[in-house]
Amino acid sequence: MEQARFHYDNLFYVSPLLCGSFSICQIGDLSCGPQNTVGEHNQDCYELSLILSGDAVFRISGEAVRVRAGDLVLNRPGDIHLIESDDADPVRYLYVGFSFRDESYTAVRRAFDAASVRVTADCGELAVLFFSIFSELEQDSEYRLPMIAAYLTELVVKSYRRFLGQKSRRYAPVIPA
């Protein structure tokens with residue numbers, strides 16, 4: 001079995017990163033090699049995985065779901081989770097494992113808990129939020145955690161909207177002549 005080509009993994013299981021209404025357990029970027037498998041594990045927190053490129057099969061509590069670039073995958077606490085990268089087109093994905101710290105996002109938590117569909121498509125625009133969090137993790141600044149909290153809040157809320165089937169709308173400014 002080939003190893004990962006690249007893995008930027010930030011683990012906060014022992015001491016979660018407290019970011020506003022969320023605590024981050026793990027966040028990262030994984031570029032798999034052919035025959036690369038992320039072994040079966042019990043999901044301890046919510047996890048959002050954004051597929052950047054390639055193909056894979058995400059096994060979630062026995063259900064096999066094929067994913068490709070732009071897909072967003074939701075895992076919940078208690079899920080049994082396994083990822084099998086495609087041999088011909090290995091997967092690269094971004095992920096964040098988090099918990100809700102308070103009741104500010106009760107509707108989001110309920111929707112995630114009730115979601116019958118675990119994959120939603122056309123979410124590539126969320127990558128910038130992951131990369132913004134990664135950049136803040138590298139900062140040595142007093143405003144690092146509030147910035148991470150802001151980006152994570154936007155990521156979670158936009159993911160929630162996608163799982164509800166809402167499309168992103170863009171402001172189109174009218175520029176006077």
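In the predicted model, R59 has A64 of β7 as its bridge partner. The strands β6 and β7 pair in the antiparallel sense over six bridges, where two strands count as paired if DSSP finds at least two bridges between them. Strands here are DSSP runs of E with at least two residues, helices are runs of H or I with at least four, and both are numbered from the N terminus. Because this is a predicted model, local features need pLDDT of at least 70 and side-chain atom pairs count only at pLDDT 80 or more, while totals for chains, interfaces and linings use all residues. Residues are numbered from 1 along each chain as its sequence is written, and side-chain values use heavy atoms, with hydrogens and water left out.

The loop between β6 (55-60) and β7 (63-68) holds S61. The phi of S61 is near 50°, a positive value in a residue other than glycine. Most residues other than glycine have a negative phi. S61 is partly exposed, with a relative accessible area of 45%; buried means under 20% relative accessible area, exposed over 50%, and partly exposed in between, for a 1.4 Å probe and protein chains only. A positive phi, near 60°, is also found in D122, again a residue other than glycine. D122 is located in the loop between β11 (119-120) and α2 (127-137), and counts as exposed at 56% relative accessibility.

The β6-β7 pair belongs to an open sheet of four strands, ordered β4-β9-β6-β7, with antiparallel pairing. Its edge strands, β4 and β7, each pair on one side only. On average, neighbouring strands of this sheet are turned by 15° against each other, direction ignored; axes are lines fitted to C-alpha atoms, for helices over the stretch in contact, and angles run from 0 to 180 degrees between N-to-C directions.

Strand β5 (residues 46-53) is mostly covered, with six of its eight residues buried. β5 pairs with β10 in the antiparallel sense over seven bridges, and E47 stands opposite G97 in β10. Four bridges also join β5 to β8 (residues 72-75), and these strands run antiparallel. There, L50 stands opposite L72 in β8.

Two or more lining residues come from each of β1 (6-11), β3 (22-31), β4 (37-42), β9 (80-85) and β10 (92-100). The largest share, three residues, comes from β4.

In helix α1 (residues 106-114), T106, V108 and F112 are buried. They lie on the same side of α1 because they cover an arc of only 160° around the axis, the arc being that of the directions from the helix axis to the C-beta atoms. The face turned away from this buried side carries the exposed residues R110 and A114.
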